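This report looks at charged pairs, strand pairing and aromatic rings in one protein model. The sequence and structure come first.

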Amino acid sequence: MKTAGRASRILIFGLLVYLLSSCGNPKPSGDVIQLQYEQNRSVSYPEAIEMYRSLDETFQSAKLLEFGQTDVGKPLHLFVISRDGDFNPASIQKKDMRVMLINNGVHPGEPCGIDASLQFANDLLLGKDGMDQYLSNTVICIVPVYSVGGALKRTPYIRSNQATPLESGRRGNGRNLDLNRDYAKQDSRNVQSLARIFQIWQPDVFLDTHTTNGSDHQHTITLIPVQPSTLGPVMEKFLRNTMLPSLYQGMKEGPYEMIPYVMFNNRNPENGIISYLQSPRVSTGYAQLFNVLGFMTENHVYKPFADRVKSVYQFIRELTHFTHSHAEEIARVRKKAIEQARAKKTYALDYELDTSRYRMMNFRGYRKGEVTSELTGLKYYGYDHSKPFEDSIPFYSHYIPTRQIEAPEYYIIPQAWRHVIHRMKTNGTRMHRLKKDTSLEVSVYYITEQEHVKNSYNGRYYHTRVKTKKQKEELSFYQGDYVVPVNQINNRYIVQMLEPEGKDSFLRWAFFDPCLERRDWNNPGITFEKNAIRYLENHPRLKEKYREKRKSDPEFARNHKAQLEFIFNHSEWSKSIIGRYPVARVEKATGIQELW
């Protein structure tokens, strides 16, 4: 009997152990991590990673992953919160969950989002104020620190006009690149790793956290959404009429009322605020290429660090709440946008502000005038904090296309341009390789005019102005060259990057500069004379034209060099491929599918 009782106790004990292990660890009663933003201190990069690791070890619904490398040699981390412990993006997409991606520390001197995301992850996992309900249909992905190299250059002497926090990182990453100007050209390993996150996790909503030191005003937090005018009609309507009003209203009901990013019209608050038009070089402009609802918070640098952290925390919570509450609608809108992207033929390459359309908004600012310096005792012209004001001013948020193109059915990229091909692959572009050498009639661009910056801009000599002419030619292509169909969900990315006049195209960022350089020695010098004589003998019509020119133009008849140049300019020697853009357009495909 004693043996039977002991066996029974062992069985019960084993069952309890199994039940406890299958139910997971109980939630802790208090915070897992301790932040010091109230004491004007932001976490360092190692501290941030260690705190996310603690959350990973405490909660089965959290996992700290590594996604590729950064320029400084350390991994890019991704912290994922998934209610059922499923951290497989393919599986999550099959469950029709919404994915929200938060990116922090693109500029480590603007660290409020780093601390706010840590606090949010802690509170969400603990289920504070019922926040864990958001996880029923939403998965949260957080990049703890994007510019790891910049964050490791931590110092109190950063951004001289920024008093808080006590220490922060530098704007440049491990290669001194500004990562929020690198999304299109993708020179850094950081952004190539983030591009993989975009393609693998397929976020529905994206947030990039920043701090601004532009104008001075009373608001702690401002917002840059993806410019609605650049989206498809269904997504634009949803963003303008549903999502943005809800986010602004939600923030207004809390302690930190939010307004649009403050970019004054002609530098004057009375003229209103202009919506920031983002090109693909910056995070929200990049997100738009993949039909993602992108946002950028810009906290006000002159406000206390604790308020900046708490205000972006409030926005992260509002954005998560909206994503949870409108999960089905977001899915429907994005599905429609993706369907439209596959079939889209006309693309805008540039826009201008529509000054006829605006709405009035409440703005709380400071008057400008003479201010007495506390340091020098002298007067200077600036914002006078003793003269706050509140007024209704116009907000301009509509743009109209100024340059539109019709996309071809295919682009062909010669395999020689491997750096471009690598970036196309990284961003999920579907491509086919020619299985044999072939000759095709295609449309090609010639670069007729171009200007680039005098000094290097973010590591490259960006072309500020590009003009082209397009013509049809029969060109040779070779086994292994890449054919890019323009019938995929990444169409916006494909067109914006491969059309040379696109605002942040590969040509603009100097990837194709060798095509602008002359390689062969073509010069109608003195030694050209023998070839000129032979050419005239073989081309009697040109010979007659040359003789008539000599008879009718006495000055020409006396100029030896001018006559050689005349013959040269009317010959095949002058026909060089200099300035021909290497990427070809197949306007209407007939049988091209048989070539791969």
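Arg 334 has a relative accessibility of 7% and counts as buried, because the cut-off for buried is under 20%. The model is predicted. Arg 334 belongs to helix α10, where Ala 327, Ile 330, Ala 331, Val 333, Ala 337 and Ala 341 are buried as well. The helix covers residues 327-343, 17 residues in total. From first C-alpha to last, α10 reaches 25 Å, close to the 24 Å expected at 1.5 Å a residue.

The salt-bridge partner of Arg 334 is Asp 204, with 2.9 Å between the closest N and O atoms. Asp 204 sits in the loop between α6 (189-201) and β5 (205-212), while Arg 334 is in helix α10, so this pair ties together parts 130 residues apart in sequence. Asp 204 is also buried, at 5% relative accessibility.

Side chains of opposite charge can pair when their charged atoms come close. Across the whole structure, 35 salt bridges are found. Three of them are set out below.

| Salt bridge | Closest N and O atoms |
|---|---|
| Asp 204 and Arg 334 | 2.9 Å |
| Arg 171 and Asp 178 | 3.2 Å |
| Glu 257 and Arg 364 | 3.8 Å |

In the bridge between Glu 257 and Arg 364, the closest N and O atoms are 3.8 Å apart. This pair links distant parts of the chain, 107 residues apart: Glu 257 is in the loop between α7 (233-252) and β7 (258-260), and Arg 364 is in strand β11. Glu 257 is partly exposed, with 24% relative accessibility.

Arg 171 and Asp 178 are joined by a salt bridge. Arg 171 is partly exposed at 37% relative accessible area, whereas Asp 178 is buried at 12%. Elsewhere, salt bridges link Asp 182, Lys 185, Asp 187, Arg 423 and Arg 460 in a network.

Strand β11, which holds Arg 364, is part of an open sheet of three strands in the order β8-β12-β11, with mixed pairing. Strands β8 (273-274) and β11 (359-372) are the edge strands, each pairing on one side only. β11 and β12 (residues 379-396) run antiparallel and are joined by 13 bridges. Lys 368 has Tyr 383 of β12 as its bridge partner.

Strand β12 also contributes to an aromatic pair. Tyr 358 and Tyr 396 are tilted, with 5.4 Å centre to centre and 55° between the planes. Tyr 358 is in the loop between β10 (346-353) and β11, and Tyr 396 is in strand β12, so the pair ties together parts 38 residues apart in sequence. Tyr 358 is partly exposed at 48% relative accessibility; Tyr 396 is buried, with a relative accessible area of 12%. The structure holds 29 aromatic pairs. One aromatic cluster is formed by Tyr 146, Tyr 183, Phe 198, Phe 206, Tyr 286, Phe 290 and Tyr 493.

What does the side chain of Arg 585 reach at 2.7 Å? It is the backbone oxygen of Glu 406. The Arg 585 side chain also makes a polar contact of 2.7 Å with the side chain of Glu 499. Arg 585 lies in strand β19 (residues 584-586) and is buried, at 2% relative accessibility. Leaving out residues up to four places away in sequence, the residues that Arg 585 touches include Ile 405, Pro 408, Tyr 410, Tyr 411, Val 442, Tyr 445 and Lys 470.

Methods: Residues are numbered from 1 along each chain as its sequence is written. This is a predicted model: local features need pLDDT of at least 70, side-chain atom pairs count only at pLDDT 80 or more; totals for chains, interfaces and linings use all residues. Side-chain values use heavy atoms; hydrogens and water are left out. Helices (H or I, at least four residues) and strands (E, at least two) are DSSP runs, numbered from the N terminus. The expected span of a helix is 1.5 Å times one less than its number of residues. Buried means under 20% relative accessible area, exposed over 50%, partly exposed in between (1.4 Å probe, protein chains only). Two strands pair if DSSP finds at least two bridges between them. A polar contact is a pair of N or O atoms within 3.5 Å; within protein, one must be able to donate a hydrogen and the other to accept it, and residues adjacent in sequence count only if both atoms are side-chain atoms. Contact means heavy atoms within 4.5 Å. A salt bridge is a side-chain nitrogen of Lys or Arg within 4 Å of a carboxyl oxygen of Asp or Glu. Rings of Phe, Tyr and Trp (its six-membered ring) pair if their centres lie within 6.5 Å; planes under 30 degrees apart count as stacked, over 60 as edge-to-face and the rest as tilted.
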